[in-house]
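Here is a short briefing on one protein model. Look at the structure first, then work through the points below.

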Amino acid sequence: EMSEMSERSKQNVAHGLAWSYYVGYLKIVLPRVKKSMEEFSRANPNMPACRETWKLHILVPLSCEIYDDLEKADSNIQYLTDLTETTLTRAGTKKRVYKHSLYAVRDEDNKLWHCAVEYATPLQTLYAMSQDECAAFSREDRLEQAKLFYRTLEEILKGSKECAGTYRLIAYKESGEAETHFLSREILWHLRQQRHEEYAVYEGNHPHAMSTTLNSAELNLQISEPDLPQPLQSDCF
């Protein structure tokens, strides 16, 4: 009966996607991000190095609308190259390749900021479900699941020692108006904030900049704790 209630309310969708994304992907690639960035920096000494931003920047649009080509999403975002590949044998696939793309993001002063950035791919599943009649998944369901996905992923990563300091979640809600460089501004805010945080820690101060993006408290999930998916329990253990 509890399983049927969770199925009808679709609470397990985002919860499962977040855990699958972490276990099947992030837990594998994130511990290797800094090494890949270091290798790129050594091979390209002419490019300015900013170790504070040597992380994987994960875009989490609450609309779940994802661009396959970031350069088409925002002309201020330019693809540079791919970082060093990680090759592993996984689930029967020999030499499965994991890699990240490095981008240059142009700011209002024409300065280039370099970072590894990509979308959280499970959001494509949520979007596809909202477009498929068989899933009976409304736009409202999609928005709530996107919020729950972000909050769940945030909590998982906070508790992961392997992934500490290797990622930056960028959750945002697009404005209703068409903004040509909305995405690049979101990314730039986080890149600047990381530098500000690092300098503040070094100097013994606390950052005071206001965030233009969303955090878990601002997402206002409107889901009570008892309604959240609970782990399976057994009296045998």
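Two strands pair if DSSP finds at least two bridges between them. Helices (H or I, at least four residues) and strands (E, at least two) are DSSP runs, numbered from the N terminus. With that, L102 stands opposite A116 in β6.

This is a predicted model: local features need pLDDT of at least 70, side-chain atom pairs count only at pLDDT 80 or more, and totals for chains, interfaces and linings use all residues. Residues are numbered from 1 along each chain as its sequence is written, and side-chain values use heavy atoms, with hydrogens and water left out.

**Overall layout**

- The protein has 7 helices and 7 strands.
- Along the sequence, the pattern reads α-α-α-β-α-β-β-β-β-β-α-α-β-α.
- Of the 237 residues, 41% count as buried. Buried means under 20% relative accessible area, exposed over 50%, and partly exposed in between (1.4 Å probe, protein chains only).

**Strand β6 and its partners**

- β6 covers residues 112–119. How many of its 8 residues are buried? The count is 7, so β6 is mostly covered.
- On one side of the pairing list is β1 (residues 56–61), which runs parallel to β6 and is joined to it by 4 bridges. Here I58 stands opposite E118 in β6.
- β5 (101–106) also pairs with β6. These two strands run antiparallel, with 5 bridges.
- In a regular strand the side chains alternate between the two faces of the sheet.

- Most residues other than glycine have a negative phi, and most peptide bonds are trans.
- N110 has a positive phi, near 70°. N110 lies in the loop between β5 and β6. The hairpin of these strands has 5 residues between them. Is N110 buried or exposed? N110 is exposed, because its relative accessible area is 51%.
- A91 also has a positive phi, near 50°. A91 sits in the loop between β3 (86–90) and β4 (93–98). With a relative accessible area of 81%, A91 is exposed.

**The largest pocket**

- Rolling a probe the size of a water molecule over the atoms shows where empty space is left.
- The search uses a 1 Å grid over the protein atoms alone. A cavity is a set of points where a 1.4 Å probe fits but cannot get out. A pocket is an open set with protein on both sides within 12 Å along at least five of seven lines. Lining residues have an atom within 4 Å of a point.
- Grid points are joined across faces, edges and corners, and a volume is the space filled by probe spheres set on the points.
- The largest pocket holds about 440 Å³ of space. It is lined by 20 residues, and the closest to its centre are Y25, K99, E118, Y119 and T121.
- Which elements each supply at least two residues of this lining? They are α2 (11–29), α4 (70–73), β5 and β6.
- By class, the pocket lining has 10 nonpolar, 5 polar and 5 charged residues. Ala, Val, Leu, Ile, Met, Phe, Trp, Tyr, Cys and Pro count as nonpolar, Asp, Glu, Lys and Arg as charged, and the others, Gly among them, as polar.

**The cavity**

- The count comes to 1 cavity of 30 Å³ or more.
- The largest cavity has a volume of about 50 Å³.
- Its lining is V29, R32, V33, S36, T84, T86, Y98, K99 and H100. By class, that lining has 3 nonpolar, 4 polar and 2 charged residues.

**Buried residues and a contact**

- K55 lies in the loop between α3 (33–43) and β1. K55 counts as buried because its relative accessible area is 13%.
- The side chains of K55 and Q194 are joined by a polar contact of 3.5 Å. A polar contact is a pair of N or O atoms within 3.5 Å; within protein, one must be able to donate a hydrogen and the other to accept it, and residues adjacent in sequence count only if both atoms are side-chain atoms.
- Q193 is in helix α7 (residues 182–203). At 8% relative accessibility, Q193 is buried.
- Q193 and E52 are 141 residues apart along the chain, and their C-alpha atoms are separated by 9.7 Å.

**Cysteines**

- C115 is buried, at 0% relative accessible area. C163 is also buried, at 0%.
- The whole structure has 0 disulfides. A disulfide is a pair of cysteine sulfur atoms within 2.5 Å.
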